[in-house]
Amino acid sequence: VYSGSTEEAETSLRELAALAETAGSRVLDGVLQRRDTPDPSTYLGRGKAQELAQIVANVGADTVITDTELAPSQRRALEDVVKVKVIDRVALILDIFAQHAKSREGKAQVELAQLEYLLPRLRGWGDSMSRQAGGRVAGGAGIGSRGPGETKIELDRRRIRTRMAKLRREIKAMAPARETKRSNRTRNKVPSVAIVGYTNAGKSSLLNRLTDAGVMVKNELFATLDPTVRQAHTADGRVFTYTDTVGFVRNLPHQLVEAFRSTLEEASDADLLLHIVDASHADPLAQIRAVHEVLNEAETGDIPELIVFNKADIANPDTLARVLNTYPNAVVVSAHSGQGVEELRDRIDDLLPRPSHHITALIP
Ligand code: GDP
């Protein structure tokens, strides 16, 4: 359901499809419905919902994923019409994060985000229960809210809040460990390159090209929720590291910002930002702007950035010319064909800090 331009809606839906595939689904069809606001009862509106039910039956889908957040009542009403499971974009992203969280902190951040997502939904259910109760008892507004259903919800809510508080404490306690790791690396002076970029830009594929590490490449937006660090050498033998960060996603649910930020802290420690952009995307410049906005928050402003336009093999030449006009210093590559990868290596070599000739650090 969209109210802006069709192009914008299609882009959003394509990303939703990419997210669904990352989560392990096969995407069968997409449906756009123009409305100023989603239908309060069935999200799509009754007619369109019935149309969707027909499509679902025809293609044999077992799940419907909506691109915007659903109220609990909308989800139930839509499920009643389409007769299959309905989930929204936020739930989908949470699912992907949960699948890929590896570190203790990553896992804790994701669980916290899941509980944050769940909490108002319990309340929403409680609200509809009390409305039903209020309807049964004439003039009994508020009566239903003291029924047994509400007591159960209140208990669940309290348990969730307790768990959330515990997770927050744990995360806070983990922060110093991260600091230590960082200061160690700073002290050791091993230069680091942080790879940042949008969903599906090709970060893993490119990292494989650059490091010959034979790392598993998956068509997954968040193959690396926890920053993974890999060692590499420049042509003249200097050692440095690559840090892969979790992919950016449009309209990142606010509950996930913290989990996402914890991955970017690694980027704020880097000597060079390698910003991978999907040049075959409809609007690469908008993606660059969005990444820059978040990076600014992570205080990476003083780190040199090298913009890399990937997927040159399938990019529209006009788009490529346009983005190069805006970023003339960018490198154009294809992780698939290998085009431009040597130039990229050279540029990274040049941009990495060189060891000083006056190092006396070996003297204790
Ligand atoms: P990440 O999410 O940024 O790590 O992206 P991946 O490396 O997983 O790549 C996402 C998708 O884009 C995969 O299906 C890749 O096969 C594809 N891909 C990556 N690089 C290229 C490229 O240079 N050309 C083409 N055509 N596809 C690419």
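pLDDT is the predictor's confidence in each residue, on a scale from 0 to 100, and the legends below refer to a predicted model.

Figure 1. Where pLDDT is low, the predicted coordinates should not be read in detail. Helix H5, which covers residues 104–136, has the lowest confidence in the chain with a mean of 67, whereas strand S8, residues 331–332, has the highest, at 98.

**Figure 2. The whole chain, as context for the close-up views.** The chain averages a pLDDT of 80, and 78% of its residues score at least 70, while the model scores are ipTM 0.99 and pTM 0.67. The secondary structure consists of 11 helices and eight strands. Of the 364 residues in the chain, 45% count as buried, and the chain exposes about 19100 Å², of which carbon and sulfur atoms supply 51%. Among the contacts between residues at least 6 apart in sequence, 68% join residues that are at least 24 apart.

**Figure 3. The crossing of helices H2 and H3.** Helix H2 (residues 46–59) and helix H3 (residues 72–82) have axes that come within 8 Å and cross at roughly 50 degrees. The crossing in which H2 passes H3 is right-handed. On the H2 side the residues that meet H3 are Arg46, Ala49, Gln50, Leu52, Ala53 and Val56, and their partners in H3 are Leu78, Val81 and Val82.

**Figure 4. The packing of helices H7 and H11.** Helix H7, residues 203–211, packs on helix H11, residues 341–351, at an angle of about 75 degrees, and the two axes are 10 Å apart. Because angles of 65 to 115 degrees count as roughly perpendicular, H7 and H11 are described as roughly perpendicular to each other. Leu206, Arg209 and Leu210 make the contact from H7, and Val341, Leu344, Arg345 and Ile348 make it from H11.

Figure 5. Lys83 is placed in the loop between H3 and strand S2 (85–88). Although Lys83 is not a glycine, its phi is positive, at about 65 degrees. Its relative accessibility is 67%, and since the cut-off for exposed residues is over 50%, Lys83 counts as exposed.

**Figure 6. Lys311 and Asn316, in the loop between strand S7 and helix H10.** Lys311 is found in the loop that runs between strand S7 (305–310) and helix H10 (317–326), and its phi, near 65 degrees, is a positive value in a residue other than glycine. Asn316 also lies in the loop between S7 and H10. With a relative accessibility of 41%, Asn316 counts as partly exposed. The C-alpha atom of Asn316 is separated by 6.3 Å from that of Ser280, although these two residues are 36 residues apart along the chain.

Note on methods:
Residues numbered from 1 in each chain as written. Predicted model: local features only at pLDDT ≥ 70, side-chain atom pairs only at ≥ 80, totals over all residues. Heavy atoms only, no water. Helix = DSSP H or I, 4+ residues; strand = E, 2+ residues; numbered from the N terminus. Buried < 20%, exposed > 50% of the residue type's maximum accessible area, 1.4 Å probe, protein only. Contact = heavy atoms within 4.5 Å. Areas by Shrake-Rupley, 256 points an atom, 1.4 Å probe, with all protein chains shown as cover. Axes fitted to C-alpha atoms, helices over the stretch in contact; angles between N-to-C directions. Left-handed = near helix turned anticlockwise from the far one by under 90°. Parallel < 35°, antiparallel > 145°, perpendicular 65-115°, else oblique.
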